[in-house]
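My entries follow in the order I made them.

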Amino acid sequence: MPVHLLAALGGALIVVLLLVVFLLRRRSFASDKTVFEKVEKAHEKDRLGQLVKQREDSFLNIVYGLAAAMVVADGQVAQSEIDMAEKLGARLIPNFDDQAFLKVVKGHAQLPRFNDMVDAVAPLLPLEAKAEIFDYLQAIATSDGQISPDERHYIHHVEVKFALDKLNG
């Protein structure tokens, strides 16, 4: 087969693949459902659906833990920080449960160290999720009008471990 014919076929194949990718991405933005919800719905009765649900629950627990640690970082539980964590948490995660979050805040002494939680999840999260979690934690820390040294340390640790300092710096 002549080289120019192979090049033309290869180019056409690339165009078709790019078109498919574009259409799939466009379709995914049209829905308000999270990726977790879409996969869960498609596989709600099989093993994949169960694994996705477990992963979503794990992510939710991580967010609860990080937010609770930020709320109690300064040694006080300010209602403004709780309110901010609940309000933004519901935007960040559709099935955020205020009562479950409050239980984590009340049992904060049983949480792993904040830095250990961040270190554990940093390699697992995509950049977009890291940025959202960073903004979420920063909003909690500043919601009472003050940033304690511990809150500042936590924010800095998240920024460094999530490699967000490299994006801004």
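**Entry 1: a loop residue**

I began with Ile147, which counts as partly exposed because its relative accessibility is 35%. My cut-offs are: buried under 20% relative accessible area, exposed over 50%, partly exposed in between, with a 1.4 Å probe and protein chains only. Ile147 sits in the loop between α7 and α8. I then listed its contacts, where contact means heavy atoms within 4.5 Å. Leaving out residues up to four places away in sequence, Ile147 touches Ala141, Thr142 and Arg152. I also took a C-alpha to C-alpha distance: Ile147 and Asp74 are 8.2 Å apart in space and 73 residues apart in sequence.

**Entry 2: ground rules**

This is a predicted model, in which local features need pLDDT of at least 70 and side-chain atom pairs count only at pLDDT 80 or more, while totals for chains, interfaces and linings use all residues. Residues are numbered from 1 along each chain as its sequence is written, and side-chain values use heavy atoms, with hydrogens and water left out.

**Entry 3: confidence and make-up**

I checked pLDDT, the predictor's confidence in each residue, from 0 to 100. The protein chain averages 77, and 65% of the residues score at least 70. Where is confidence lowest in the protein chain, and where highest? Helix α1 (residues 3-30) is lowest, at a mean of 51, and helix α8 (residues 149-161) is highest, at 94. Over residues 15-19 pLDDT stays under 50, and the model has zero contacts there beyond four places in sequence.

I counted nine helices and zero strands in the protein chain. These are DSSP runs numbered from the N terminus: helices are H or I with at least four residues, strands E with at least two. Of the 169 residues of the protein chain, 31% count as buried. I also looked at contacts between residues at least 6 apart in sequence: 71% of them join residues at least 24 apart.

Two packed helices are described by the angle between their axes and the distance between the axes. The axes are lines fitted to C-alpha atoms, for helices over the stretch in contact, and angles run from 0 to 180 degrees between N-to-C directions.

Helix α4 (residues 79-92) packs on helix α7 (residues 127-142) at about 160°, with the axes 8 Å apart. That makes α4 roughly antiparallel to α7. The classes are: under 35 degrees roughly parallel, over 145 roughly antiparallel, 65 to 115 roughly perpendicular, and the rest oblique. Which residues meet here? From α4 I noted Glu81, Met84, Ala85, Leu88, Gly89 and Leu92; from α7, Glu132, Ile133, Tyr136, Ala139, Ile140 and Ala141. By class, this contact of α4 with α7 has nine nonpolar, one polar and two charged residues. Ala, Val, Leu, Ile, Met, Phe, Trp, Tyr, Cys and Pro count as nonpolar, Asp, Glu, Lys and Arg as charged, and the others, Gly among them, as polar.

I looked at two residues of this pair of helices. Glu132, in helix α7, counts as partly exposed at 36% relative accessibility. Glu132 and Leu92 are 40 residues apart in sequence and 7.6 Å apart in space, C-alpha to C-alpha. The C-alpha atoms of Arg91 and Tyr136 are separated by 9.9 Å, and the two residues are 45 apart along the chain.

**Entry 4: α8 and its neighbours**

The axes of α7 and α8 cross at roughly 170° and come within 10 Å. The two helices are therefore roughly antiparallel to each other. Phe134, Leu137, Gln138 and Ala141 of α7 make the contact with Glu151, Ile155, Val158 and Glu159 of α8.

Helix α6 (residues 114-121) packs on α8 at about 15°, with the axes 10 Å apart. That makes α6 roughly parallel to α8. The contact joins Phe114, Asn115, Val118 and Asp119 of α6 to His153, Tyr154, His157, Val158 and Lys161 of α8. By class, the contact of α6 with α8 has four nonpolar, three polar and two charged residues.

Ala163 lies in the loop between α8 and α9 (164-168). Ala163 is not a glycine, although its phi is positive, at about 60°. At 28% relative accessibility, Ala163 counts as partly exposed.
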